[in-house]
Amino acid sequence: MSRIGVTPIDVPDGVSVTFDAANVVSVKGPKGEVTQALPHVIKFARDNGRLHASRPNDDHRTRALHGLARQLVANMIVGVTQGYEKRLEIQGTGYRAQLQGNTLDLQLGFTHPQRRQAPDGIEFELPDPTHIVVRGIDKQAVGQVAADIRAIRPADPYKGHGLRYQGEVVRRKPGKTAATAVA
């Protein structure tokens, strides 16, 4: 039995959850609205401000979808109430970021600045030129945008320059060692 799938989801006040016939869930809350298509075999039932996910059988694939569907709905509820954020750090001499409207300009050692437009539902914040905060109500979109930004210049394992998630530890490799002359 899925331990995640059987856990009920608390629906806080001010959040409305609706399911349509095609098993598309729509969650509306104080920060906005998120819509997601769910696997058709998983059904949800309401009970005293809680949602319960159920599956028709114990097939391996159905059990996996049970936990997935439950967690997707739970993430949507957290997103419309609290929101999600990913923090990135820039390390390297001359590496920095600027925000112009909703466009992020990154100076990462390339000849031209790398520009990234914020997709709908995502916003960028720069507390300082070497830190980027990606915020939004869709957990998947926030993670994907942060990963796309990080992929422009991932942290170099030799010098450590580049973009990394806040708190990420980059394992450093030893560089070349000076060869000793044999005479």
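Is Leu-72 buried or exposed? Leu-72 counts as buried, at 14% relative accessibility. Here, buried means under 20% relative accessible area, exposed means over 50%, and partly exposed is in between, using a 1.4 Å probe and protein chains only.

Before going further, a word on the model. It is a predicted one, where local features need pLDDT of at least 70 and side-chain atom pairs count only at pLDDT 80 or more, while totals for chains, interfaces and linings use all residues. Residues are numbered from 1 along each chain as its sequence is written, and side-chain values use heavy atoms, with hydrogens and water left out.

**Around Leu-72**

Leu-72 has its place in helix α1. Helices (H or I, at least four residues) and strands (E, at least two) are DSSP runs, numbered from the N terminus. Setting aside residues up to four places away in sequence, Leu-72 touches Gln-36, Leu-38 and Gln-140; contact means heavy atoms within 4.5 Å. Gly-5 sits 67 residues from Leu-72 along the chain, and their C-alpha atoms are separated by 11 Å.

**The nonpolar cores**

What about the greasy parts? A nonpolar core is a set of buried Ala, Val, Leu, Ile, Met, Phe, Trp, Tyr and Cys residues joined through side-chain atoms within 4.5 Å. The largest one has 20 residues, and those with the most contacts inside it are Ile-9, Val-17, Val-25, Val-27, Leu-38, Phe-44 and Val-73. At least two residues of this core come from each of β3 (24–29), β6 (50–54) and α1 (60–81). Helix α1 gives the largest share, 8 residues. There is also a second, separate core of 19 residues, which includes Tyr-84, Leu-106, Ile-149 and Leu-163.

Apart from its neighbours within four places in sequence, Phe-44 is in contact with Ile-9, Phe-19, Leu-38, Leu-51, His-52, Ala-53, Ala-69, Arg-70 and Val-73.

**A pair of rings**

Searching the whole structure turns up 1 aromatic pair. Rings of Phe, Tyr and Trp (its six-membered ring) pair if their centres lie within 6.5 Å; planes under 30 degrees apart count as stacked, over 60 as edge-to-face and the rest as tilted. The partners are Phe-19 and Phe-44, and they are stacked, at 5.1 Å centre to centre with 15° between the planes. This pair links distant parts of the chain, with Phe-19 in strand β2 (residues 16–19) and Phe-44 in strand β5 (residues 43–47), 25 residues apart. Phe-44 counts as buried at 17% relative accessibility, whereas Phe-19 is partly exposed, with a relative accessible area of 27%.

**Strands and hairpins**

Phe-19 also leads us to the strands, which pair if DSSP finds at least two bridges between them. Strands β2 and β3 run antiparallel, joined by 4 bridges, and Phe-19 stands opposite Val-25 in β3. The two strands form a hairpin with 4 residues between them, and Asn-23 in the turn has a positive phi of about 60°.

On to the next partner: β3 runs antiparallel to strand β4 (residues 32–37), with 6 bridges joining them. Val-25 turns up again, opposite Gln-36 in β4. β3 and β4 form a hairpin too, with 2 residues between them.

**Charges**

The structure holds 7 salt bridges. A salt bridge is a side-chain nitrogen of Lys or Arg within 4 Å of a carboxyl oxygen of Asp or Glu. Here are some of them:

| Salt bridge | Closest N and O atoms |
|---|---|
| Asp-10 and Arg-50 | 2.7 Å |
| Arg-55 and Asp-58 | 2.9 Å |

Asp-10 is partly exposed at 48% relative accessible area, and Arg-50 counts as partly exposed at 36%. In the next pair, Arg-55 counts as buried at 15% relative accessibility, but Asp-58 is exposed, with a relative accessible area of 56%. Glu-85 and Arg-87 belong to a network of salt bridges that also links Glu-125 and Arg-135.

Some charges sit over rings instead, a label that needs NZ of Lys or CZ of Arg within 6 Å of the ring centre and within 35 degrees of the ring normal. The charged end of Arg-153 sits over the ring of Phe-110, 4.2 Å from its centre. For Lys-86, the charged end sits over the ring of Tyr-165, 5.4 Å from its centre.
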